[in-house]
Amino acid sequence: MSSEILHDTTPSHESPAKVARSGRNSAIYLIGAIARNTFREAVRDRVLYNLLLFALLLIGGAIFLGELSGGQEAKIIVDLGLSATLLFGVFIAIFVGVGLVYKEIEKRTLYAILSKPVSRGQFLFGKYVGLCLTLLVNVLVMGTGVSLALAYVAKGWHPLIVAIWPATFLIYFELALITGVALLFSSFSSPALSALLTFLVFIIGHLSADLKAFASSLGGVNARWFFNALYYLLPNLSHYSFITAAAHGDLPTATTFLLAVAYAFVYIAVLLSAATLIFNQRNFK
Amino acid sequence: MRVRKSLFRLIPVILLGLAVAIGLSRWMDQHRQELPSASSQEEQLYLQGKTVKRLSLAFNGLAADWYWMRSLQYVGRKIVKYEDSQQGQRGLDDLAALDLRLLPSLLRIATTLDPKFLAPYEYGAMILPTFNRDEAIALVQSGIQQNPDDWRLRQHLGYIYWQANDYAKASETYNSGAKLPGAPRWMAEMSARTAAEGGSRRAAREMYQHLYDESDDDQVKDLLRRRLMQVESFEDRDRIRFVIGQYVKQFGRCPATWREISAVVQKLGVRVDPATATPIDPSGSPYELVKNGCDVDLQIGSLVPYK
């Protein structure tokens, strides 16, 4: 769909061709244009419709669960709301993420894009940023939904209304990382296989503490070295698991939060670089 | 033409396949292997807390909530089933008869998944002692290990020891809780009271009242409300027995009806129904004169716990 901006000659669509003509073909501008169009594409794909469903489910669930939870409505709303934010987000990241490149290849719009002054790396990065923007809107709306549900059950102010936001942003960075993984796999594999592999990385990423414990329990040096290597190479998503703590009003420290964000940036940079490397090698003839 | 030919070939295969599948399914249902009665009697827990924690990935809080609600539903279902079979009122004080064998495991899993989730510890402290005191103590002690700064868990542990008539340990536990940040002053007072008065009614009333004030759980609050009513009813019945004793001294026989003593009973602070002149218990049910009017008891159906 980003090809649409490249072919479009209307003034509202900033195609790279037009950018080239007007002399504004900076890398940032190109990436921004691809990102904006990826976001529009996601909106047109009705990805954001899940938000309405989510909000309705959450409010309905809050009323219903209040009767069943023995006075634990607020905790259950936070657990349910943030878990749903993560789960919905992971599904969007995986299923939209794996199709980002594949769809362009399948529809042959990629050829039109790459025939313009857009590098493959810029194309990938633009796609990535566009999906991250979609996820950001998702996470913000879902976080607001959780806050509103809390206000509803508390009939006013509740301390968790604010306390959930650091955990919500950590969920966003986890989703950004998962999107990077999906993009990497989709740069060389089919959508179905990419989705499966990305989902496995999500699972392993949350079991990495067990991987380390398993490594330390092994007798053989080679096996221990292998599992330790896996532990450090695979993304450690437990750094972003603050849902349960948030439900008790516990906040991550500033150091924990910033280190998790830094880890996400570094890992995403690695993933996008690897994706670009593989994508550059691909022959689309 | 070829398409139509293959269609005519495939439709019978599909229909035949479906028919065979349905037939097989029915046959398997009829010849299903009987499971041992112990495992088919009621639901079983197949997973341990640590395994569930691993499997729940980032959703351990949600899984803990699910196990917590399952615990509440489990107890609620057992109560309803028991009431249906007994045709009588039965409160949480009678849980020993309900065979709640899964409850300790359910609460264990909930607290393993989310060790800071205090509600299951509180619920366990209130309900488990009725049939498994050791499990209740172990559950709350594990909560204290995970939440060393939470004074409420020490309040619950103190309550379990107090119920077991281990007043020294109850006092010690209250005392350790009183030293924690945020602990109310009455924790120290409860420590002193349990040490000095043990199982006195005053100590009991304060114990139940504080637990009632701190709890958010409706089931637990209901249990404590009944316990508070029970303490009040014990005092009512002592007063009524005193009046009966005075009556016997004066008339040489026990009263035949409530009307003969209701005015004196009311003066001593027992609620009396003005229409029938019958003293009523804290739950609103009338007391009953028993042993030919020489003693007083709760009426069957009263919400005040008997034991």
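Helices (H or I, at least four residues) and strands (E, at least two) are taken as DSSP runs, numbered from the N terminus. I looked up B:Arg201 under that rule and found it in helix 11 (residues 201-214) of chain B.

**Entry: conventions.** I worked on a predicted model, in which local features need pLDDT of at least 70, side-chain atom pairs count only at pLDDT 80 or more, and totals for chains, interfaces and linings use all residues. Residues are numbered from 1 along each chain as its sequence is written, while chains are lettered from A and ligands numbered from 1 in the order in which they are written.

**Entry: confidence.** I noted the predictor's ipTM of 0.75 and pTM of 0.74 for the complex. I then read the pLDDT, which is the predictor's confidence in each residue, from 0 to 100. For chain A the mean is 82, with 86% of the residues at 70 or more. For chain B the mean is 83, and 89% of the residues reach 70 or more.

A contact here is a pair of residues whose C-beta atoms, placed from the backbone, lie within 7 Å.

In chain B, helix 2 (residues 37-41) has the lowest mean, 44, and helix 7 (residues 133-146) the highest, 94. The pLDDT stays under 50 over residues 37-41 of chain B, and the model has two contacts for them beyond four places in sequence. Where pLDDT is low, the predicted coordinates should not be read in detail.

**Entry: where the chains meet.** I counted 18 residues of chain B in contact with 20 residues of chain A. On the side of chain B that touches chain A, helix 4 (60-86) and helix 12 (218-251) of chain B each supply at least two residues. Helix 4 of chain B gives the most to that side, with seven residues. I sorted the residues of this side of chain B into eight nonpolar, three polar and seven charged. The classes are nonpolar for Ala, Val, Leu, Ile, Met, Phe, Trp, Tyr, Cys and Pro, charged for Asp, Glu, Lys and Arg, and polar for the others, Gly among them.

**Entry: B:Tyr74.** I placed B:Tyr74 in helix 4 of chain B. B:Tyr74 has 19 other C-beta atoms within 10 Å and is therefore partly exposed. The scale is buried at 20 or more other C-beta atoms within 10 Å of the residue's own, exposed at 12 or fewer, and partly exposed in between, with C-beta atoms placed from the backbone. Leaving out residues up to four places away in sequence, B:Tyr74 touches B:Leu102, B:Leu103 and B:Leu106. From B:Tyr74 to B:Leu103 I read 7.5 Å, C-alpha to C-alpha, across 29 residues of sequence.

**Entry: chain B overall.** I found 13 helices and four strands in chain B. Of its 307 residues, 34% are buried. Among contacts in chain B with a separation of 6 or more, 52% join residues 24 or more positions apart. Helix 6 (residues 118-127) of chain B is largely enclosed by the rest of the structure, because 10 of its 10 residues are buried. These include B:Pro120, B:Tyr121, B:Glu122 and B:Tyr123.

The domain assignment (automatic or from a database) gives domain 1 (49-225) and domain 2 (235-297) of chain B. The centres of domain 1 and domain 2 of chain B, taken over C-alpha atoms, are 36 Å apart.

**Entry: back to B:Arg201.** B:Arg201 is partly exposed, because 14 other C-beta atoms lie within 10 Å. Not counting residues up to four places away in sequence, B:Arg201 touches B:Val231, B:Phe234 and B:Glu235.

**Entry: positive phi.** Most residues other than glycine have a negative phi. I looked at two residues in loops. A:Lys155 is not a glycine, yet has a positive phi of about 55°. A:Lys155 lies in the loop between helix 8 (120-154) and helix 9 of chain A, and counts as exposed because it has 7 C-beta neighbours inside 10 Å. B:Leu57 has a positive phi near 50° and lies in the loop between helix 3 (49-55) and helix 4 of chain B. With 20 other C-beta atoms within 10 Å, B:Leu57 is buried.
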